[in-house]
Amino acid sequence: MKETVTDPLLFFLASILFGVCLQAIYDIIRGIRRVFYHKSVFLFIEDIGFGIFTAVMAFIFLCTYNDGELRGFFFLGIVIGMILYYQLCSKFLLRAVIHITEKLKKIIRQFEKDEILAKDKRRKFRLFFPP
């Protein structure tokens with residue numbers, strides 16, 4: 001009797017954690033979107049990709065932890081996990097992702113700028129000393 005009560009409870013708690021992980025992954029995508037401009041076509045492709053990723057991960061989760069049985073409390077657990085994460089942790093991870101992405105963007109821009117200057121110097125050098 002104890003096993004029949006604890007197994008669904010553990011599955012429900014795991015589905016809450018699964019919802020938290022999904023929302024955290026989406027926050028990472030949101031943070032990158034805020035720093036790097038995307039056209040609406042790419043936003044659509046990212047959202048479709050995230051939806052497919054979510055569906056595949058949910059299928060793997062269900063097959064691994066619940067023998068592929070689809071239950072209502074699985075979806076309830078995901079929604080609860082996403083809401084809890086969004087209310088408690090989302091702004092902190094989003095700020096961190098935006099901060100890190102902005103730093104990476106500056107590094108990339110500096111690298112591009114240095115590379116362009118290096119190409120100009122090589123071009124000028126070839127003018128004076130042809131190969």
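This is a predicted model: local features need pLDDT of at least 70, side-chain atom pairs count only at pLDDT 80 or more; totals for chains, interfaces and linings use all residues.
E46 is partly exposed, with a relative accessible area of 26%, where partly exposed covers the range between buried, under 20% relative accessible area, and exposed, over 50% (1.4 Å probe, protein chains only). Residues are numbered from 1 along each chain as its sequence is written, and side-chain values use heavy atoms, with hydrogens and water left out.

Side chains of opposite charge can pair when their charged atoms come close. E46 forms a salt bridge with R33, and the closest N and O atoms of the two are 2.8 Å apart; a salt bridge here is a side-chain nitrogen of Lys or Arg within 4 Å of a carboxyl oxygen of Asp or Glu. Because E46 lies in helix α2 and R33 in helix α1, this pair ties together parts that are 13 residues apart in sequence. R33 also meets the side chain of D47 in a salt bridge, at 2.6 Å from N to O. Since D47 lies in helix α2 and R33 in helix α1, that pair ties together parts that are 14 residues apart in sequence. D47 counts as partly exposed, at 35% relative accessibility.

A further salt bridge joins the side chains of E69 and R71, again given from N to O, at 2.6 Å. E69 is partly exposed with a relative accessible area of 36%, and R71 is partly exposed with a relative accessible area of 34%. Salt bridges that share partners join R33, E46 and D47 into one network. A search of the whole structure finds four salt bridges.

The protein chain has four helices and zero strands, where helices (H or I, at least four residues) and strands (E, at least two) are DSSP runs, numbered from the N terminus. Helix α2 covers residues 40-65, and at 1.5 Å a residue its 26 residues should span 38 Å, which agrees with the 37 Å between its end C-alpha atoms; the expected span is 1.5 Å times one less than the number of residues. Just after α2, D67 takes a positive phi of about 55°.

Helix α1, residues 2-35, holds S15, which is buried with a relative accessible area of 0%. Leaving aside its neighbours within four places in sequence, S15 is in contact with F61, F73, F74, G77 and I78, contact meaning heavy atoms within 4.5 Å.

For the whole protein chain, buried residues make up 23% of the 131 residues. The accessible surface comes to about 10100 Å², of which 71% belongs to carbon and sulfur atoms, with areas taken from the Shrake-Rupley method with a 1.4 Å probe and, for residues, only the protein chains shown counting as cover.
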